[in-house]
Amino acid sequence: MLTDYLQKAIGDLETLIELTSLDIGDIKHARHDPMFERIKRKEDTLAAFEKRKALIDREIASLIETNPGKELSELLDGKTEAMLKELRESLEKLQSINRYYARFVITVGEFYNSMFEEMLPTESDGYSGRSTKVASLIELRV
């Protein structure tokens, strides 16, 4: 059962890596619609991974509980250990690609925020946030 959960969890991570790679390609070419269309699939895949991860944790905890005094490495066969290693590597790869993707998201967000600020200047309104300068909406620049 544990190997089945591991195999499916690794598949979920590979799917998330693939979808994030597609998002990186699309954000580089300003194709936002396909990115937004993938959000639901990414959320569903992430939820499935989290459930499988909980099942993996439960199976490992059960193994340890039924075999007190033994190390986990003694309880797992070579295939399962290899799959746990692959799971960890996939998680690290996903983390790395998400960091790379986040750089683009932040840059694009800052770009749009600066354009918005240029078109509709705002001023700080104390603790309540920002408010649009009313006079600047009718200001003409010649």
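**A first walk through the chain**

Guide: This is a predicted model. In the protein chain, of the contacts with a separation of 6 or more, 66% are between residues 24 or more positions apart.

Visitor: What helices and strands does the protein chain have?

Guide: The protein chain has five helices and two strands. Along the sequence, the pattern reads α-α-α-α-β-β-α.

Visitor: How much of the protein chain is buried?

Guide: Of the 142 residues in the protein chain, 24% are buried. The chain exposes about 10400 Å², and 55% of that comes from carbon and sulfur atoms.

Visitor: OK, the inside then. Which residues have the most contacts inside the largest nonpolar core?

Guide: They are Leu2, Leu6, Leu13, Ile56, Leu87 and Leu94, in a core of 20 residues. At least two residues of this core come from each of helix 1, helix 2 and helix 4. Helix 1 gives the most, with ten residues.

Visitor: Take Leu2. What does Leu2 touch?

Guide: Setting aside residues up to four places away in sequence, Leu2 touches Ile56, Glu59, Ile60, Leu63, Leu76 and Thr80.

Visitor: On to helix 1. How does the span of helix 1 compare with what 1.5 Å a residue would give?

Guide: The two agree: the 27 residues of helix 1 should span 39 Å at 1.5 Å a residue, and the end C-alpha atoms are 39 Å apart.

Visitor: What follows helix 1?

Guide: Ala30 follows helix 1, and the phi of Ala30 is positive, near 55°.

Visitor: I clicked on Thr20. Is that one buried or exposed?

Guide: Thr20, which sits in helix 1, counts as buried because its relative accessibility is 2%, and the cut-off for buried is under 20%. Beyond residues up to four places away in sequence, Thr20 touches Lys42, Leu94, Ile97, Asn98 and Tyr101.

Visitor: And Asp23, buried or exposed?

Guide: Asp23 is buried, with a relative accessible area of 2%. Asp23 is also found in helix 1. Leaving out neighbours within four places in sequence, Asp23 is in contact with Met35, Arg38, Lys42 and Tyr101.

Visitor: Helix 2 now. Where is the kink in helix 2 centred?

Guide: The kink is centred on Ile39 and is about 35°.

Visitor: What about the end-to-end span of helix 2?

Guide: Helix 2 covers residues 32–66, which is 35 residues, so at 1.5 Å a residue the span should be 51 Å. The end C-alpha atoms are 51 Å apart, in agreement with that.

Visitor: Which residues of helix 2 are buried?

Guide: Met35, Arg38, Lys42, Thr45, Phe49, Ile56 and Ile60 are buried in helix 2. The buried residues of helix 2 pack against helix 1 (2–28), helix 3 (72–75) and helix 4 (78–119).

Visitor: What about Asp44, then?

Guide: Asp44 is in helix 2 as well. Asp44 counts as partly exposed because its relative accessibility is 41%. The C-alpha atoms of Asp44 and Asp12 are separated by 9.7 Å, and these two residues are 32 residues apart along the chain.

Visitor: Changing topic. How many aromatic pairs are there?

Guide: A search of the whole structure finds two. In one of them, Tyr100 and Phe104 form an edge-to-face pair, 5.0 Å centre to centre with 90° between the planes.

Visitor: Where do Tyr100 and Phe104 lie?

Guide: Both are in helix 4, four residues apart, which is about one turn of the helix.

Visitor: And how covered are they?

Guide: Tyr100 is partly exposed, at 35% relative accessibility. Phe104 is partly exposed too, with a relative accessible area of 23%.

Conventions:
Residues are numbered from 1 along each chain as its sequence is written. This is a predicted model: local features need pLDDT of at least 70, side-chain atom pairs count only at pLDDT 80 or more; totals for chains, interfaces and linings use all residues. Side-chain values use heavy atoms; hydrogens and water are left out. The expected span of a helix is 1.5 Å times one less than its number of residues. The bend at a residue is the angle between axes fitted to the seven residues ending there and the seven starting there. Buried means under 20% relative accessible area, exposed over 50%, partly exposed in between (1.4 Å probe, protein chains only). Contact means heavy atoms within 4.5 Å. Accessible areas come from the Shrake-Rupley method with a 1.4 Å probe; for residues, only the protein chains shown count as cover. A nonpolar core is a set of buried Ala, Val, Leu, Ile, Met, Phe, Trp, Tyr and Cys residues joined through side-chain atoms within 4.5 Å. Rings of Phe, Tyr and Trp (its six-membered ring) pair if their centres lie within 6.5 Å; planes under 30 degrees apart count as stacked, over 60 as edge-to-face and the rest as tilted.
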